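Please open the model in your viewer and keep the selection panel at hand.

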Amino acid sequence: MAKSSSLNVRVVEGRALPAKDVSGSSDPYCIVKVDDEVVARTATIWRSLSPFWGEEYTMHLPLDFHHLAFYVLDEDTVGHDDVIGKISLSREAIAADPRGIDSWINLSPVDPDAEVQGEICLAVQMLEDVRGRCLRCHVLQARDLAPRDITGTSDPFARVFWGSQSLETSTIKKTRFPHWDEVLELREMPGSSSPLRVELWDWDMVGRNDFLGMVEFSPQVLQQNPPNGWFRLLPFPGAEEDSGGSLGALRLKVRLTEDRILPSWYYQPLRELLMESVLGPAEEDAASPLAVLEELTSGDCRQELATKLVKLFLGQGLTGPFLDYLTQREVARTTDPNTLFRSNSLASKSMEQFMKLVGMPYLHEVLRPLINRIFEEKKYMELDPCKMDLGRTRRISFKGASSEEHVREASLGLLTGYLEPIVDAIVGSVGRCPPAMRLAFKQLRQRVEERFPQAEHKDQHADPQTSRSLLLLAKAVQSLGNLGQQLGQGKELWMAPLHPFLLQSISRVRDFLDQLVDVDGKEDVGGPARALVPPSVTIREGYLLKRKEEPSGLATCFAFKKHYFWLSGETLSYSKSPEWQMRSSILVSHIRAVERVDEGAFQLPNVLQVVTQDGTGALHTTYLQCKNVNELNQWLSALRKASAPNPNKLATCHPGAFRSAHWTCCLQAERSAAGCSRTHSAVTLGDWSDPLDPDAETQMVYRQLLLGRDQLRVKFLEDSNMDTTPEADTEKGSSATEGACPDALARQRETAARLLEVLADLDQAHEEFQQQEQGKVAPGPLRP
């Protein structure tokens, strides 16, 4: 039985942040950390004390993670960014409510005594001799300590307290991974028993020493189960305090999902029930398991449910029937075709998730070159008079002040220059669109035409400057997608200069949509699949700076060479440029670890390492530098997912580099020395390329049904023995059954009873596995 843990985080917005700039404002951004490791960085919102981010992340984590932290900083173009405040959430606080956290939380000041991380390895013995009791504390080593010096390292030493006595270890200079291997012995003094406290400090020649963390053990623990192993360092009690709102607040949505995934056969009855919905008669049926499931969910849960259902039906090769079933239900409930898929229904959420899961590679393939060009050229474009920055155009052109009309004309030329290749790429991409998407579009058009055959309903289809440029282009492309239905209307009349180009392109887009749905319904659309992306398909690509592990006479900044990388399920290949024909490759099957590298290793940020093993068993390391922390996390995640099935993964590695005859992290002098830090292969980001896992997806559906089990009983079963005549149903006035005929009510009750029976079986299976884990029953095969 497998275990999984995922954390869904949404950084929504901030309010009442303090001003950090002389202008009386701030330029805030947010950093998200899991167990002191940065996993995401939001965009910077310029000149705002009430920023809106709306950024969402899903992280797959080990079950033993401890806390989640959010740091808000003010970005400065010169010097270090200013820290505004932070929010720290323990795993227990997040898991307290299965629905998670959705609220405003005040920022707290960042206290150095609370900014601790890492672990310490101890072996403690309680000894007795003629002189009384003696405590022998063997301080072996520590790892992943917080960097306290500007070099990105620390100078750690340990101080051990027992009663009124204390002893210190030696100081290890310039490392976050000290090895002491020192035994400190303390004699018990007369009086009551005392706890053992071990503190770690960073030694400073000038000023006071910096606190690195502590562990403490009670007299009972020392007597009954003396500490022996690795222990997480903790801050001083009460080091963190609430600012009372003086530092502002963040609105956060955080939900932790932890599950035991049962063997596949336990989920088969629930899967069969769900498949039954889409394989039955193609008609509106409020009694199907999917229809009942939709009634039990709402809000954010419906979106997650839609994602899991789409993946589940993808894995069974039934996305076509699944989406067609939901489309028919959606169309039957809609009176105006312009409002189709505008509600928060299971159909709208499923179609949205299907487009992301299946269409993302297609979208990247068609638009990536053009989007990259926009990022690289960084042209100033603006049509809205209220947002024009004439001063910026002056600084760029060096030709004096530009008039509003001049800026508009220049922007119009640039926008049409970008739009033409975008439209060309889109309308010429029919052959590259996944067959499953084309079939879904064909079914959608067919159902809408059946429901709304009238002629009047035909063809109604539903850094800051770069962001603004993309937004303007998106507005134009959206107008084309709507076939110009709203051109010249609404509040954005300043888009009028683009209307001639848009009107000329509408016929091309209409032809493209007709070609897109011209697909044979019997065409092979993929069938059952275990992965969203075939092994040979590129799942990530882009420029990175590469350095081999071999010693180099070049300075660090010259040892890293720029290459273009492609990652598939089979190889990590690279060449001098995307057009270069000669490529070098690293086999994904040879990867044994993918980890971050300390900044101090090369005095460079955002570096990762790929550790591979050759046929002789020797390990080799390739270092890659990314542009920013988000790109670093995305490459780490993609490489870890691609190499997930590999055997013989490394449990530890060196977060530093072997330079000047020693490891920069732990100072060991042997290149072959065992790694000093744990690896993190289980930490990945959720995205469209995640492999399909029918058991995990069905488990989530089971969890959703559990939350609605009481509602299921009340709606469909509690009154099963009551009169089912139309008059009786009218008197009951139930929203779930109002207006339904007796046969429909009977079918709903039958479906509810079957769902509850499946839930009871899964409950029992989970209970048996839990008892095995707790040692209450002997492990062994459970009932199939």
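Begin with the largest nonpolar core, which has 76 residues; such a core is a set of buried Ala, Val, Leu, Ile, Met, Phe, Trp, Tyr and Cys residues joined through side-chain atoms within 4.5 Å. Buried denotes under 20% relative accessible area, exposed over 50%, and partly exposed in between, with a 1.4 Å probe and protein chains only. Select L270, L274, L309, F313, F322 and F354, the residues with the most contacts inside this core. Helices (H or I, at least four residues) and strands (E, at least two) are DSSP runs, numbered from the N terminus.

The model is predicted: local features need pLDDT of at least 70, side-chain atom pairs count only at pLDDT 80 or more, and totals for chains, interfaces and linings use all residues. Residues are numbered from 1 along each chain as its sequence is written, and side-chain values use heavy atoms, with hydrogens and water left out.

Centre the view on F313. Leaving aside residues up to four places away in sequence, F313 touches L274, M275, V278, L290, L318, T319 and F322, a contact being heavy atoms within 4.5 Å. Apart from the core around this residue lies another, of 31 residues, and C30, I101, L252 and L256 are among its members.

Next, turn to the charged pairs. The model contains 37 salt bridges, each defined as a side-chain nitrogen of Lys or Arg within 4 Å of a carboxyl oxygen of Asp or Glu. Select R596 and E37: their closest N and O atoms are 2.7 Å apart, and both residues are buried.

Move to R251 and D102, whose side chains meet in a salt bridge at 3.8 Å, N to O. This pair links distant parts of the chain, with R251 in strand β16 (residues 249–261) and D102 in strand β7 (residues 101–106), 149 residues apart. R251 is partly exposed at 25% relative accessible area, and D102 is likewise classed as partly exposed, at 44%.

Now select R447 and D324, which form a salt bridge of 2.7 Å, N to O. Here helix α10 (residues 435–451), holding R447, is linked to helix α6 (residues 319–332), holding D324, across 123 residues of sequence. R447 is buried, at 18% relative accessible area, and D324 is buried at 11%.

Switch to a cartoon view for the strands. Strand β8 (residues 119–129) runs antiparallel to strand β9 (residues 132–143), and 11 bridges join them; strands count as paired if DSSP finds at least two bridges between them. The two form a hairpin with two residues between them, and A123 stands opposite H138 in β9. Strand β9 is also joined, by seven bridges, to strand β12 (residues 179–187), again antiparallel. In this pairing, C134 stands opposite R187 in β12.

Finally, colour the model by pLDDT, the predictor's confidence in each residue, from 0 to 100. The protein averages 83, and 84% of the residues score at least 70. Select residues 523–529, where pLDDT stays under 50 and the model has 14 contacts beyond four places in sequence. Residues 721–738 also have a pLDDT below 50, with 18 contacts beyond near neighbours in sequence.
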